[in-house]
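Here are my notes on this one, written as numbered points. Have the structure open while you read, and look for each spot as it comes up.

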Amino acid sequence: MKDGRDNAAFEARLEAAEQAAKAERPETAQKQAGSAQRAIELAMRLGVEMVAAMVIAVVIGWGLDKLFHTKPWFMILMVPVGLVAGVRNLLRAMG
Amino acid sequence: MAGPTINALEQFSLTPGLGGLGKAIDFSNSNEAMLAAAAIITLIFGAGLKARALVPGRAQALVELLYEFVRNMCVDTIGEEGLRFFPLVFTIFAFILIGNLIGLFPYFFAFTSHIAVTLALALFVFLFSTGVGFYTHGFKFFTFFVPSGVPGWLLPLLVPIEIISYLSRPVSLSVRLFANMTAGHVMWEVFAGFMLLLTASFGIFGAFASVVPLGLNVALAALELLVAGLQAYVFAILTCLYLHDAVHMH
């Protein structure tokens, strides 16, 4: 930036204007909109998140069974693991 | 019963694009829609950035809005170093957003309603973020699968869970987008089919009654507009989240 001085002055004015605007409109409405957006985003994510882990776990179990000819033991073993991984996904998405 | 039937999935079938040429080079209507999406993005940005005014006009404001939206998303989710990944996130976001939106128009093809397309995108994001993880942390990235503050005897149980949770990312990423787009288009088709069925079965009364599915379709159009934007946003923000995990490892 070759016109750094102008830029700094502009930033200062912008800051002042933003402060003034903030005083005029309370932040709550904006915050509410933000949390609603987050809620919709979460709702869109959560359902699939759990099923995906289950699918991956069962596919891995099925593959291991195919490899070691142990049908259906790995698949049965992987179902609870996939369930827990799904819950782990949910917890991570929430946090 | 002879008459119109509802075939809700026919709209997703691939047909050769570009006239006869498409058949020879396996260029389908899905590819056409992808090219159209890329062309629309380029056009919008070309038109919007032509003026380069300090006080933006409408087109420039649209472009700047999109740019700053994705830029803030990158910085907020990944951190300051997220700007390195801005071009990737922006490309993915714009491609999916425009793809979803043009899919809503009649005679256009929603390429995001094919799992092959969304899975390819999701796998690319997954492999890229894993690559970034190994590039930034080397083999220490494997400790990402070892949760901290856990007694050692639990690790054999927890590490597979973490690995499965990690591997499920491309699945959830792709299925979410694909399912949302497909479901919306199927519902449209089904309600539109109801209108034909009602008219065919009940004559003039059916024609009047078919105002109900028509109204539902109008409401659905608004919902689909929301879903199209939201799914592009979710895909982009999850890309950012995965890159955040790759860069910061927690």
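1. In chain B, α5(B) passes α6(B) in a right-handed crossing (a crossing is right-handed if the near helix is turned clockwise from the far one by less than a right angle, and left-handed if anticlockwise). Helix α5 covers residues 115-137, and it packs against α6(B) at an angle of about 145 degrees, with the axes 8 Å apart. Axes here are lines fitted to C-alpha atoms, for helices over the stretch in contact, and angles run from 0 to 180 degrees between N-to-C directions. Helices (H or I, at least four residues) are DSSP runs, numbered from the N terminus.

2. A word on the ground rules: this is a predicted model, where local features need pLDDT of at least 70 and side-chain atom pairs count only at pLDDT 80 or more, while totals for chains, interfaces and linings use all residues. Residues are numbered from 1 along each chain as its sequence is written, chains are lettered from A and ligands numbered from 1 in the order in which they are written, and side-chain values use heavy atoms, with hydrogens and water left out.

3. Who touches whom at that crossing? On the α5(B) side you'll find B:Leu119, B:Leu123 and B:Phe126 among the residues that meet α6(B), whose own contact residues include B:Tyr166, B:Leu173 and B:Phe178. Contact means heavy atoms within 4.5 Å. Sorted by class, this contact has 13 nonpolar, four polar and one charged residues (Ala, Val, Leu, Ile, Met, Phe, Trp, Tyr, Cys and Pro count as nonpolar, Asp, Glu, Lys and Arg as charged, and the others, Gly among them, as polar).

4. Now for the two chains: 20 residues of chain B are in contact with 19 of chain A. Between them they bury about 1,800 Å², with 70% given by carbon and sulfur atoms. Buried area is the accessible area (1.4 Å probe) that two parts lose on being put together, summed over both. On the chain B side, B:Ile161, B:Ile164 and B:Arg176 lose the most area, together 29% of what that side buries.

5. Have a look at the loop between α2 and α3 of chain A, where A:His69 lies. A:His69 isn't a glycine, yet its phi is positive, about 55 degrees. A:Pro72 sits in that loop too, and a cis peptide bond joins A:Lys71 to A:Pro72, with omega about 0 degrees.

6. What lines the largest pocket? Its lining residues divide into 12 nonpolar, nine polar and 11 charged, and α7(B) gives the largest share, seven residues.

Key
Helices (H or I, at least four residues) and strands (E, at least two) are DSSP runs, numbered from the N terminus.
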